[in-house]
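Subject: Structure for you to look at

Hello,

Please find the structure below, followed by notes on what was found in it. Keep it open while you read.

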Amino acid sequence: MPRRPVAVFAIAPWAFTGVFPPDLVARLRRSADVADEVRLTSFEGPAAAEALAGAEILLTGWGCPRIDARIVTAAPRLRAVLHAAGSVKSLVDPDVFERGITVSSAAQANAVPVADYTIAALVMGAKLAFARARHYAAGRDRALWQPGDGTGLHDCTVGVIGASRIGRLVLQRLRGFEVRVLLSDPTVTPAEAASLGAELVELDDLCRRGDLVTVHAPALPETHHLLNRRRLALLPDRAVLVNTARGTLVDTRALTEECASGRLSAVLDVTDPEPLPAGHPLFELPNVLITPHLAGAQGRELRRLGEFAVTELERLLAGDPLRGQVLPEQLPYTA
């Protein structure tokens, strides 16, 4: 009988409960030796040293410390890091890849609820639902808002910035709506954009034409304030901006001014800074909805991340390609 590999959890207790419920831990135990009572949130101390010394697979998630050269040295048997969350950009040091350790991320699974949130934001945003709800709650003349002239997603032009995992899922979901779809992404060809159901355009053109614009690009030095004052000014009157990517992609001050004027509306799950300081004007505007970075997996959705990681472990042990494998050359271009 082949020897079973040793797997160690490195994840915050609050995340462990949702990501790895008992039935998933039981499934893990069919493939590996794992002690679910050991959940490292620090790599310091004798208990962590003992766990790392025997670990062949690290099952990581939110709350896992950065895995650098020192940790790699302390875990000489380590062969894989399977991350049951999104980006590993801040988690794994280049030394992990240089040691030949396989890295996988459940970002693909985490993308699903973000795409769903985005579609919900586009539907509600197109109806100007947030400003209209506040107007209604304030007891103002409801009749002024009842006709809904110029609202609704039907026959809109939706601009998608970035054909990332999430961006592609959004494009896929938009096929179910009668909308025109624009895509801006320098890595995509016109033919590929067409296969995704979109017209490939330059970002300025997307801004000029988009009734609704949704952001799914990575945060890189070259994408800082991608939607700057000039590009925000290109958006049509009454356009709606949705950002579930990174706050630094949008010039917060310029967006605040545009929304305060009533010309634009916004649904923001991320901001710059994050969180915004108490009393920031964006919190007070009726045409802006700000949520606390909750578009990704939450509550019942967390299980999907654990299922992805457990499946990756099973694929790894079977010698099958991993669905979420992360290569070092991909890191500079990911969120």
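A12 is buried, with a relative accessible area of 8%; buried means under 20%, exposed over 50% and partly exposed in between, using a 1.4 Å probe and protein chains only. This residue lies in the loop between β1 (6-10) and α1 (13-19). Helices (H or I, at least four residues) and strands (E, at least two) are DSSP runs, numbered from the N terminus. Leaving out residues up to four places away in sequence, A12 touches T41, W62 and G63, where contact means heavy atoms within 4.5 Å. A12 and T41 are 29 residues apart along the chain, yet their C-alpha atoms are separated by 5.9 Å.

A note on the source: this is a predicted model, in which local features need pLDDT of at least 70 and side-chain atom pairs count only at pLDDT 80 or more, while totals for chains, interfaces and linings use all residues. Residues are numbered from 1 along each chain as its sequence is written, and side-chain values use heavy atoms, with hydrogens and water left out.

Next, the nonpolar cores. A nonpolar core is a set of buried Ala, Val, Leu, Ile, Met, Phe, Trp, Tyr and Cys residues joined through side-chain atoms within 4.5 Å. The largest one has 32 residues, of which V158, V160, L174, L183 and L212 touch the most other members. Two or more residues each come from α6, β6 (157-161), α8 (165-174), β7 (180-184) and β10 (240-243). Helix α6 gives the most, with nine residues. A second, separate core has 28 residues, including V215, L227, L255 and L268.

V158 has contacts beyond its neighbours within four places in sequence, among them L122, L153, L174 and L212. In α8, the residues G167, L169, V170, L171 and L174 are buried, and their cover includes α6, β6, β7 and β9 (212-215).

Last, a helix pair. Helix α6 (residues 107-126) packs against helix α14 (residues 302-318) at an angle of about 160°, with the axes 8 Å apart. Axes are lines fitted to C-alpha atoms, for helices over the stretch in contact, and angles run from 0 to 180 degrees between N-to-C directions. The two helices are therefore roughly antiparallel; that term covers angles over 145 degrees, with under 35 roughly parallel, 65 to 115 roughly perpendicular and the rest oblique. Their contact is made by Q108, A109, N110, V112 and P113 of α6 and R304, L305 and F308 of α14.

Regards
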